[in-house]
Amino acid sequence: MSAIHRDDLTADETTRENARINLRLALEAYPLWVERVTCPDLKRSFLANCSAAVPYYRNLFNGTVQDLDRFPVIDRADHDDRRLEFISTAFEDPRSEFLRISTNGTFGRSLRVAWDLPSLFDLNHASYLRLSTVLPNLFSSLVRGEPSAFVISDSPRDLRTSVVMPALDGAILRRLTLGRDEATDAALVEHLRRARIALLHGKPSALLNLVELDSLHDGGGRIAPANVVCSGENLYADNRARIEAWFGCPVVDAYTASEAGLIAYECQHRGGMHVVTDHLTVEVAVSDESLSPTGTGQLLITNALNWRHAFVRYRIGDRATVTSGECGCGHDGQTIVAMPGRERATYWDGSTSITAEEINTVIEATDPPVKQYQVAPGEDHQIVISWVGEPGGDTARTSTALAAALRERFPGSRFGLSNVPAINLPGGKLRRFL
Ligand SMILES: [Zn+2]
């Protein structure tokens, strides 16, 4: 049975049976989730479970270990090569196809993450409950039984689907997909202009696409969300300003990963992203040998909520700066204050080093403006900048202005400029500095 309506380009593409299974799983998971998040010694219990039921750790320790310091750092490659060794043998569920989510795969092979019910509930439902604490009018804007929270995907193969959200007072969360074709995009903009949107969530690049479609689409009105949350990519200051200006509401930046769910998110004070330390342990590899709760380096994540697929001291592949302390919002603990993620910090032009920030400053000030860009080291110390112009913009003038601004700011450095139709593949993660 299919729920696809050919005359409605925004209707669901998954079956009603699928929606029923997801709702049943959520209702079944909820009490188990409560039990797990209120477990008095969750982190140590989780590690004990790892050493007893996860083959990699069972073989390593040969006994119960509850002390995180004894666990080794695990690289992504270890999970790629020996995935099954990190999955608990104590877990069996015939519906496991509903309990698997793959990582994005933009930066390498995609990893299939297996979840148990409490951690899946946390990922799909409770993460919005956590975010609601920094979205003060979220619950007053949600409508029970109605689609009033929307996730925007720019991966054309993602199916449009609706999920009943028990944690959001029974409101419906709809995932809509951009970039299939013009007619579907236009129908989606119309649909969102008419909808009551308590929450709009997506990667910054997907939301920027939506802003552009909304600004170019006739028919009156504009998309008016009460709250906007970004995750899945770095949120650059200029892109944040564009999204906030168009939608007329502040953006909350969140750090999520398929391996760990919601890791950190901003509060109203915008002093960085507070780490969800109830069940996550974040460590920083400040040098090859030394791990620390604060500092700058590669992030290691331990997720005590997922007892099925163990991520312990897992090198997630992102660089960040972590601090610790109190915030005006009441948070007392770790905060991620800088999240360059997988971005390059500097470029070498053959005689001097240029920071990504310096290049960004020049490009941001270029007039006519550049919509999107990417910087990469080229042959013979050339610095290559691929850029996308504003829709309807004057490509030749933009190119001349950009070249002149770079020459003036960095005399002696060689830049290669390339006007391209798009920076990343549909559904991929946007990165500015390679
Ligand atoms: Zn705060």
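## Basis of the description

Because the model is predicted, local features require pLDDT of at least 70 and side-chain atom pairs pLDDT 80 or more, while totals for chains, interfaces and linings use all residues. Residues are numbered from 1 along each chain as its sequence is written, and side-chain values use heavy atoms, with hydrogens and water left out.

## Aromatic pairs

The whole structure contains 14 aromatic pairs. Rings of Phe, Tyr and Trp (its six-membered ring) are paired if their centres lie within 6.5 Å; planes under 30 degrees apart count as stacked, over 60 as edge-to-face and the rest as tilted. One of the pairs is Tyr57 with Phe61, which is stacked, at 6.3 Å centre to centre and 15° between the planes. These two residues are four apart in helix 3 (residues 55-61), so about one helical turn separates Tyr57 from Phe61. Helices (H or I, at least four residues) and strands (E, at least two) are DSSP runs, numbered from the N terminus. Tyr57 and Phe61 are both buried, where buried means under 20% relative accessible area, exposed over 50% and partly exposed in between (1.4 Å probe, protein chains only). Ring pairs also link Tyr56, Tyr57, Phe61, Phe71 and Phe86 into a cluster.

Tyr373 and Phe433 form an edge-to-face pair, because their ring centres are 6.0 Å apart and their planes stand at 75°. Tyr373 belongs to strand 18 (residues 370-377) and Phe433 to the segment after strand 20 (415-419), so this pair ties together parts 60 residues apart in sequence. Both Tyr373 and Phe433 are buried.

## Charges over rings

A charge sits over a ring if NZ of Lys or CZ of Arg is within 6 Å of the ring centre and within 35 degrees of the ring normal. The charged end of Arg222 is placed over the ring of Trp246, 3.5 Å from its centre. Arg432 lies over the face of Tyr236, 4.0 Å from the ring centre.

## Helix 9

In helix 9 (residues 237-247), the buried residues are Asp238, Asn239, Arg240, Ile243, Glu244 and Phe247. Gly248 follows helix 9 and has a positive phi, near 70°.

## The cavity

On a 1 Å grid over the protein atoms alone, a cavity is a set of points where a 1.4 Å probe fits but cannot get out, and lining residues have an atom within 4 Å of a point. Grid points are joined across faces, edges and corners, and a volume is the space filled by probe spheres set on the points. The structure holds one cavity of 30 Å³ or more, and the largest cavity has about 40 Å³ of space. Its lining includes Trp115, Asp122, His279 and Asn303, and helix 5 (residues 117-132) supplies the largest share of the lining, three residues.

Terms used
On a 1 Å grid over the protein atoms alone, a cavity is a set of points where a 1.4 Å probe fits but cannot get out, and a pocket is an open set with protein on both sides within 12 Å along at least five of seven lines; lining residues have an atom within 4 Å of a point.
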